[in-house]
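Visitor: Could you walk me through this model, one feature at a time? I would like the cut-offs along with the answers.

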Amino acid sequence: DYHNKGNWIVVTTNGTVKKNGEAVMGRGVALQAAERYPTLPGGLGGCLKAAGNFPFAFALYRIFTLPVKHNWWERANLMLIEEGIQRLTNLVVTHTALPVYMTRPGCGNGRLDWKDVKPILEKYLDDRFTVVERNSPP
């Protein structure tokens, strides 16, 4: 819903690339983004192969990616989230002055507790970012 209103969103991801070159985007917000933008998994897969498991901006879709896992089957990684959040803030400055919305990274399919993730976000995110619970009304 936030994305439909013209805002940028953060899609949490992992670093797994399939044999066909597409990023694994099989659950949660990543799956929703892949279904809405069928070329996104291929674009993200190419970025992952070329640069590594880092945040990326996809201006065409108003999407930033944020890795929370190295492999799709793993539990989310707090160190990866912290490194990613730091890089994400730099991407946001470069790509948009609009608000950026994100779900609680690593707290759904990543199986982390919000009490462990929240302090990391508070350390780096400013008022450009809004963290929402999945399915909360915009």
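This is a predicted model: local features need pLDDT of at least 70, side-chain atom pairs count only at pLDDT 80 or more; totals for chains, interfaces and linings use all residues.

Visitor: Which residue caps the N-terminal end of α3?
Guide: Look for a polar contact, a pair of N or O atoms within 3.5 Å; within protein, one must be able to donate a hydrogen and the other to accept it, and residues adjacent in sequence count only if both atoms are side-chain atoms. Here a side-chain oxygen lies 2.9 Å from the backbone nitrogen of Met79, and the residue that supplies this oxygen is Asn77.

Visitor: Which residues of α3 are buried, and what do they pack against?
Guide: Buried means under 20% relative accessible area, exposed over 50%, and partly exposed in between, with a 1.4 Å probe and protein chains only. In α3 the buried residues are Leu80, Ile81, Gly84, Ile85, Leu88, Thr89, Leu91 and Val92. Contact means heavy atoms within 4.5 Å. The partners of these buried residues are β1 (8–14), β2 (57–58), β3 (63–69), β4 (100–103), α4 (114–124) and β5 (129–132).

Visitor: Is Val93 buried or exposed?
Guide: Val93 also belongs to helix α3. Its relative accessibility is 57%, so Val93 counts as exposed.

Visitor: Why are α3 and α4 called roughly parallel?
Guide: Two packed helices are described by the angle between their axes and the distance between the axes. Axes are lines fitted to C-alpha atoms, for helices over the stretch in contact, and angles run from 0 to 180 degrees between N-to-C directions; those under 35 degrees count as roughly parallel, over 145 as roughly antiparallel, 65 to 115 as roughly perpendicular and the rest as oblique. The axes of α3 and α4 are 10 Å apart, at an angle of about 25 degrees. The two helices are therefore roughly parallel.

Visitor: Which residues of α4 meet α3?
Guide: From α3 come Leu78, Glu82, Ile85, Gln86 and Thr89. On the α4 side, the residues they meet are Asp116, Val117, Ile120, Leu121, Lys123 and Tyr124.

Visitor: How buried is Thr65, and what is its relative accessibility?
Guide: Thr65 sits in strand β3. Leaving aside neighbours within four places in sequence, its contacts include Val11, Leu44, Phe56 and Leu88. Thr65 counts as buried, with a relative accessibility of 0%.

Visitor: Which backbone oxygen does the side chain of Asn7 reach?
Guide: Asn7 lies in the segment before β1 and is buried, at a relative accessible area of 13%. Beyond neighbours within four places in sequence, it contacts Tyr2, Arg62, Pro99 and Tyr101. At 3.1 Å, its side chain reaches the backbone oxygen of Tyr2.

Visitor: Is Tyr101 buried or exposed?
Guide: Tyr101 is found in strand β4. Leaving aside neighbours within four places in sequence, its contacts include Asn7, Trp8 and Thr130. With a relative accessible area of 16%, Tyr101 is buried.

Visitor: What is the phi of Arg62?
Guide: Arg62 lies in the loop between β2 and β3, and at 25% relative accessibility it counts as partly exposed. Although Arg62 is not a glycine, its phi is positive, about 55 degrees.

Visitor: And what is the phi of Arg111?
Guide: Arg111 is placed in the loop between β4 and α4, and counts as partly exposed at 45% relative accessibility. Its phi is again positive in a residue other than glycine, near 65 degrees.

Note on methods
Residues are numbered from 1 along each chain as its sequence is written. Side-chain values use heavy atoms; hydrogens and water are left out. Helices (H or I, at least four residues) and strands (E, at least two) are DSSP runs, numbered from the N terminus.
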